[in-house]
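The sequence and structure are shown first.

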Amino acid sequence: MVKSLNTVTLIFKLPYYTQWGQSLVIAGSEPALGSWNVKQGLALSPVHQGNALVWCGQVSVAAGFTSEYSYYVVDDHKNVLRWESGEKKKLVLPEGVRDGDVVEIRDWWQDASEALFLRSAFKNVIFSGNENAKRELQSSSLSKSLDPEDIVVQFIISCPRLAAGSTVVVTGSNPSIGNWRAQDGLKLNYVGDSIWKANCVLRKAEFPIKYPCADDYFLRVSSLEFGPNREVDVDYSSPKPARYILLSDGSLRESPWRGAGVAVPIFSIRSNEDLGVGEFLDLKLLVDWAVNSGFHLVQILPINDTSVNGMWWDSYPYSSLSVFALHPLYLRVQALSDAIPGDIKEEILHAKKQLDRKDVDYEASLATKLKIGKKIFNLEKDKVLNSASFKKFLSENEEWLKPYAAFCFLRDFFETSDHSQWGRFSQFSKEKLDKLVREDTLHHDIIRFHYYIQYHLYTQLSEAAAYARKNKVILKGDLPIGVDRNSVDTWVYPTLFRMNTATGAPPDYFDKNGQNWGFPTYNWEEMSKDNYGWWRARLTQLAKYFTAYRIDHILGFFRIWELPEHAATGLVGKFRPSIPLSQEELLGDGIWDFDRLSRPYVRQELLEEKFGSLWTVIAANFLNEYQKQCYEFKEDCNTEKKIIAKIKTSPEKSLWLEKEDSIRRGLFDLLQNIVLIRDPEDSTKYYPRFNLEDTSSFRDLDEHSKNVLRRLYYDYYFARQESLWRQNALKTLPVLLDCSDMLACGEDLGLIPACVHPVMQELGLIGLRIQRMPSEPNCEFGIPSQYSYMTVCAPSCHDCSTLRAWWEEDEGRRSRFYKSIIGSEDEPPSRCTPEVVHFIVQQHFDAPSMWAIFPLQDLLALKDKYTTRPAVEETINDPTNPRHYWRFRLHVPLESMLEDKDIQATIKELVTSSGRSYPGKKVDAAGGSGEKLTNGKA
């Protein structure tokens, strides 16, 4: 006779509200819980308990069972719709559990906002001094034997923000948990991963129990957690009540943690050591200034190599040549070697003087650094490239580094980054790459030079990142939404991109004509085939340096504004993915003349109105009259890019000299004068042109057609896509969030679909609030005191004018702001004085937002000394200009800023008075130091 295994009954209970057609499943690491296969996991059933919906499930396991597990929301076919955030739960049965015992696990759903404090920004930086990892692990075993009336309650609570020297205590009215006295309460034991546990033996007659938790700091000062008392009861209706209750109580409820930061592009930093542009090692000085000013975060713009065009156009930091390689612009050549010869040192000193200009000279600074870098490389290449640290770097990065070096060599050899012009090398293959980077080639030193530069960039940025972490400052990077179409990534992974399209944004606050960034859109279907490996590699690389990051244009992960490759502007696009208007749908509504609606509507009166006496010249050069007073564009100018080329190269161009811009705009207006955009891949599908009511094509329609098209326009842009866009974001964004433990913030400005904020909240993504760009409708200015907690608030950002420039550029708006936000009926000062800046900055410090992050220019405006430069010169980017030169440079070096104790003290006072955390604060964990108590009442 075979002896049966000891079996224990596990009962899981989880309060959670679902929607119709949804249910909950537990999947875990052990076969009893499906071995992480959700379809084979433990299905739960709902039970109403008072006002709560509790999902319950039961499974028999062997005594000594342990497992990791998570809860999943699924549909009727067990397709996963949602899952918990953060670390997997760990189930370890208490000591003493015997054959036949019932163990009840009362769980909580770990949402994304709770899991934020387990991210590296908090765990490894801000709370690193409180490191739970350094605590001694303790056992939570029982100290007495049980009799039949005993029930063991195991209290389990997560405390990622607990201050060093604190413990966690449960107290309440029951004597076993201290009769409300913290010093007599049940002290919990640290068991790892920020989890605290303790067992308490209670008699059946002592239930129900109500309790809160508290933090006990060296057993002296106690602080009670926020919120109502927690409660535990026993279900006596069950045939066999639980002998053990594992009470997973989520996180300790503390006051919301809030921090502050400063934002500045690295190229804008000025120091005594740089060569005309900020450098990675300058971040150490910026960190010092941030710490002195009370900031826990430094935010920068993208730092990847953008050397596509070989000129100042490459100053645009969002157009990556490689999403993995760092930009040589940020290299400190003095740090390449500790044995730089005297003549090269002289050259560096000379370059320092030559490049010390008001703005960044992108081309001169980059050329100088590469020239000097090449000389030092030639002197010490064998020493460095044979070192153990370089070999380790090469081995860990060769998957992207070798293609990058080969690309740079081919770009310079063919004098173009357009890899379609590289002959037999235009098609990438592993075999061709191996030949290009082989050691016996004549050009191998060129390849090795790119390795060498990337190695030093890696070591310099790593040094700065380690310095920031050591000083409790989060380094926040930036994840661009696109890559340049002539990039290493489109060469190596062409199937991941839709190369016949371009990415942009529809008309919004930044540009009423929309934006065209020129990047190819992503082929998400292809990317999904290897579970988004390219994205996962990107985030893994970013996490080597940063503990937080900004997701540029997060709306693009819901839907992207897609334009044809031949477009030069951003107006005539469509969303991808989106549900188009079908021909059948339009016909059903009485819309039938598809050519009239989808072709440019060009009539003689329009030509006369736009071009005046030149209209006949324009018509003769650019248009054909296909019927009386009706025109269409000629084949050689029927796209925006063709129009630009023809205006510049036409033999007739002398006829419109000095009027090129107005003629180009006029022709673009005519080309964009359509109501519907025909899908280039399916001629039976249509998309309403953005702001179609602004066109004369729409205005000349009959009233029935207008009414139908208005309704369909609203439906396309604001209704029918919401579910599709939500599903799209929930396929892609969790991949980004799960492949690193960086803190993620989303730039959610612009035309925001209704689904965006709920999805961001569900995923624990922190949004962005800029006061002049309120997300609320019919509101001119945001009110910082009304922002939600899961946001970053800021008075401006790199994509708009600074606070000073914004204040001074529009008198009417300034007066409205002064009256409605500052609350004064007086005439506002025409200049943005330090007093005005202080008021606006303080509003943001005092906001409920988790983070208040300020452009450095706005902070320097707190002191007159730093406002001598015209405000307009401090703007970093003009989104309306696709060829903007990104060259703003601080007019004061960081060393001088560090000597100015007054402004650092002013800023730190704003931080401390607002209740925000700052480096060096005795207890960064909110709620004060002391024993963290959980209230209990029998």
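Eight cavities of 30 Å³ or more are counted in this predicted model. A cavity here is a set of points, on a 1 Å grid over the protein atoms alone, where a 1.4 Å probe fits but cannot get out; grid points are joined across faces, edges and corners, and a volume is the space filled by probe spheres set on the points. Residues are numbered from 1 along each chain as its sequence is written. Because the model is predicted, local features need pLDDT of at least 70 and side-chain atom pairs count only at pLDDT 80 or more, while totals for chains, interfaces and linings use all residues; side-chain values use heavy atoms, with hydrogens and water left out.

The largest cavity has a volume of about 260 Å³. It is lined by 22 residues (lining means an atom within 4 Å of a point), and Ala263, Gln299, Arg550, Cys797 and His798 are the closest to its centre. Two or more lining residues come from each of the strands β35 (743–746), β36 (767–770), β37 (791–794) and β38 (851–855); strands are DSSP runs of E with at least two residues, helices are runs of H or I with at least four, and both are numbered from the N terminus.

The second largest cavity has a volume of about 100 Å³. Among its 13 lining residues, Asn304, Val323, Arg538, Gln541 and Leu542 are the closest to the centre. Strand β21 (474–479) and helix α11 (533–542) each give two or more residues to this lining, and the largest share, three residues, comes from α11.

The largest nonpolar core has 185 residues, of which Leu283, Phe295, Trp534, Trp535 and Tyr549 touch the most other members. Such a core is a set of buried Ala, Val, Leu, Ile, Met, Phe, Trp, Tyr and Cys residues joined through side-chain atoms within 4.5 Å, where buried means under 20% relative accessible area with a 1.4 Å probe and protein chains only. Helix α6 (residues 388–414) supplies the largest share of this core, twelve residues. Trp535 touches Leu479, Tyr522, Trp524, Met527, Phe557 and Leu736 (heavy atoms within 4.5 Å), not counting residues up to four places away in sequence. Apart from this core lies another, of 30 residues, including Tyr16 and Trp109.

The second largest pocket has a volume of about 930 Å³. A pocket is an open set of points with protein on both sides within 12 Å along at least five of seven lines. Of its 34 lining residues, Pro15, Trp108, Arg230, Ser248 and Asp249 lie nearest the centre. Strand β18 gives the most to this lining, with five residues.

Conventions: Buried < 20%, exposed > 50% of the residue type's maximum accessible area, 1.4 Å probe, protein only.
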